[in-house]
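Work through the exercises below with the model open. Each task is followed by a stepwise solution.

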Amino acid sequence: MNTQSSQHQSIYQQGLEDPRWKQLRLKVIERDGNQCRICGQRTELQVHHRQYHKDKATGVWSYPWEYHPYFLITVCDSCHAKGHQLFSIPIKEI
Ligand SMILES: [Zn+2]
Ligand SMILES: [Zn+2]
């Protein structure tokens, strides 16, 4: 793992404990009808980021709650894990 992605991972992990993320997460799950958008399961829901954003000028990663809900999708635990195995998440410089 390179330095850049481990730095991002720690920002991301800490961010997931933040009340601002918890609030946004609930909003996204509600928007998606309280179910996994892939298989329709209603338990063990998580919210996945479809892109990761990084500031072009400063190199600073966005916190999990700074994303527009457009970039977020509700998935269940197992679809989420499968998705991460199959696809790497695109990084967008903003
Ligand atoms: Zn699912
Ligand atoms: Zn994810």
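**Exercise 1: the metal site**

Task: identify which residues coordinate the zinc ion (ligand 2), and through which atoms.

Solution. Step 1: the zinc ion (ligand 2) is coordinated by H48 through ND1, H80 through NE2 and H84 through NE2, at 2.0 Å. Donors here are N, O and S atoms within 2.8 Å of the metal (3.2 Å for Na, K and Ca); water is not among the atoms, so sites may look incomplete.

Step 1: along the sequence these donor residues follow the spacing H-x31-H-x3-H. Helices (H or I, at least four residues) and strands (E, at least two) are DSSP runs, numbered from the N terminus.

Step 2: H48 is buried because its relative accessibility is 16%, whereas H84, at 37%, is partly exposed. The classes are buried under 20% relative accessible area, exposed over 50%, and partly exposed in between (1.4 Å probe, protein chains only).

On conventions: this is a predicted model, in which local features need pLDDT of at least 70 and side-chain atom pairs count only at pLDDT 80 or more, while totals for chains, interfaces and linings use all residues. Residues are numbered from 1 along each chain as its sequence is written, chains are lettered from A and ligands numbered from 1 in the order in which they are written, and side-chain values use heavy atoms, with hydrogens and water left out.

**Exercise 2: cysteines**

Task: state how many disulfides a search of the whole structure finds.

Solution. Step 1: the search finds zero, a disulfide being a pair of cysteine sulfur atoms within 2.5 Å. Step 2: C39 is partly exposed at 46% relative accessibility, and C79 is buried at 10%.

**Exercise 3: the fold**

Task: give the order of helices and strands along the sequence, and check the radius of gyration against a compact globule.

Solution. Step 1: the protein has three helices and four strands, arranged in sequence as α-α-β-β-β-α-β.

Step 1: for 94 residues a compact globule would have a radius of gyration near 12 Å, and the 13 Å of the protein agrees. This radius is taken over C-alpha atoms, and the globule rule is 2.2 Å times the number of residues to the power 0.38.

Step 2: along the principal axes, the C-alpha atoms fill a box of roughly 40 × 30 × 20 Å. Buried residues make up 35% of the 94 residues.
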